[in-house]
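Thanks for asking me to look this over. Could you open the model alongside these notes and follow along?

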Amino acid sequence: MTYFRRLTSHVIAFLMLCTGCVVVVSSPALADTGGYPYAGATDCSATYGPDSWCEGSSDLSPYGYVYRNCTDYVAWKIKQVLGVSLPKNLGNASTWGARLKAAGYSFDSSPRVGDIAAWNNGEGHVAYVYAVSNGIASLDEYNAANTGVFSSNRTTASTSAGTPS
């Protein structure tokens, strides 16, 4: 597991990479949104395809990603917590690692609060690291189970459902 990082105005943004990770999530509390302001975006998959939610007639948020998807949540969270605007051209979660690396982010194997955990298999998935204890990251995420909801119940521990392979 590696973590990409770049110093930006005294703020470090991170990216943890994992290939072939298995994503298994328990049902999150329905009322919890993780503070995400677009949790009320409505299903518009008939217009834009699977995993699409809209505000008004658009499926793209001001952060450049599809509402209620992991990429949009992480872009919003990084801006809220670290004050860093991520590039709007990182694409699907599966391309975030390569594109951040190309943008000059460095990496190591030590998770820190503010990291972006990324699974690069299939369509990929990203999550925000909100806590680290003994080298194990606790994750906040959206749409982990393709339901467009927030969850905060996975870690990178070897016994967790979120264990990278």
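The points below go from the whole chain to one histidine and its surroundings.

1. A word on the basis: this is a predicted model, where local features need pLDDT of at least 70, side-chain atom pairs count only at pLDDT 80 or more, and totals for chains, interfaces and linings use all residues. Residues are numbered from 1 along each chain as its sequence is written, and side-chain values use heavy atoms, with hydrogens and water left out.

2. The protein chain has 3 helices and 9 strands (DSSP runs: H or I of at least four residues for helices, E of at least two for strands, numbered from the N terminus). Their order from the N terminus is β-β-β-α-β-α-α-β-β-β-β-β. Of the 165 residues, 45% are buried, meaning under 20% relative accessible area with a 1.4 Å probe, protein chains only.

3. Do have a look at the hairpin of β6 and β7. These strands run antiparallel and are joined by 4 bridges (strands pair if DSSP finds at least two bridges between them). Between them sit 5 residues, and Gly-122 has a positive phi near 55°.

4. In strand β6 (residues 116-119), Ile-116 and Ala-118 point one way, Ala-117 and Trp-119 the other, and all are buried. In a regular strand, side chains alternate between the two faces of the sheet.

5. Now to His-125, which lies in β7 (residues 125-133) and is the bridge partner of Trp-119. Is His-125 buried or exposed? His-125 is buried, because its relative accessible area is 4%.

Notes
Buried means under 20% relative accessible area, exposed over 50%, partly exposed in between (1.4 Å probe, protein chains only).
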